[in-house]
Amino acid sequence: MDHCVHAYRRAAARGDSFLFHVEHRGASATVEVDATGRVVQALGPRNTHNAACVRGTSLLAEWGRGFPARPALHAAPVAML
């Protein structure tokens with residue numbers, strides 16, 4: 001695909017993001033979804049935007065809405081009783 005998806009491989013291996021290859025109407029794209037279920041980016045070959053980007057974003061945003069809520073990173077400590 002001639003884009004920089006390889007730069008995200010460590011984050012995916014840690015479970016911090018998910019990487020998907022999407023094909024739609026003859027176009028291909030890579031879609032990144034973060035650990036909270038939010039679509040971070042969707043790019044076709046050489047960082048272009050195409051039909052596979054649009055379709056992948058739509059499908060994976062729907063999938064990501066099913067992720068369980070995660071606590072905020074900077075939340076105040078919870079008192080234990």
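The model is a predicted one. A search of the whole structure gives one cavity of 30 Å³ or more. The volume of the largest cavity is about 90 Å³. Strand E2 (27–34) and strand E3 (39–43) are the elements that give two or more residues to its lining. Among the lining residues are Val-5, Tyr-8, Leu-19, Val-31, Glu-32 and Gln-41. Sorted by class, the lining of the largest cavity holds seven nonpolar residues, four polar and one charged.

His-3 also lines the largest cavity. This residue belongs to the segment before helix H1 (9–14). Is His-3 buried or exposed? With a relative accessible area of 15%, His-3 falls under the 20% limit and is therefore buried. Leaving aside residues up to four places away in sequence, His-3 touches Thr-30, Leu-43, Gly-44 and Asn-47. With one of these, Thr-30, there is a polar contact between side chains, at 3.0 Å. Thr-30, Leu-43 and Asn-47 are likewise among the residues that line the cavity.

The loops call for a look at the backbone. Most residues other than glycine have a negative phi. Arg-25, which is not a glycine, has a positive phi of about 50°. Arg-25 sits in the loop between strand E1 (17–24) and E2, and is exposed, with a relative accessible area of 77%. Arg-46 has a positive phi as well, near 55°. Its place is the loop between E3 and helix H2 (51–64). Arg-46 is exposed, its relative accessible area being 57%.

Conventions. Residues are numbered from 1 along each chain as its sequence is written. This is a predicted model: local features need pLDDT of at least 70, side-chain atom pairs count only at pLDDT 80 or more; totals for chains, interfaces and linings use all residues. Side-chain values use heavy atoms; hydrogens and water are left out. Helices (H or I, at least four residues) and strands (E, at least two) are DSSP runs, numbered from the N terminus. Buried means under 20% relative accessible area, exposed over 50%, partly exposed in between (1.4 Å probe, protein chains only). A polar contact is a pair of N or O atoms within 3.5 Å; within protein, one must be able to donate a hydrogen and the other to accept it, and residues adjacent in sequence count only if both atoms are side-chain atoms. Contact means heavy atoms within 4.5 Å. On a 1 Å grid over the protein atoms alone, a cavity is a set of points where a 1.4 Å probe fits but cannot get out, and a pocket is an open set with protein on both sides within 12 Å along at least five of seven lines; lining residues have an atom within 4 Å of a point. Grid points are joined across faces, edges and corners, and a volume is the space filled by probe spheres set on the points. Ala, Val, Leu, Ile, Met, Phe, Trp, Tyr, Cys and Pro count as nonpolar, Asp, Glu, Lys and Arg as charged, and the others, Gly among them, as polar.
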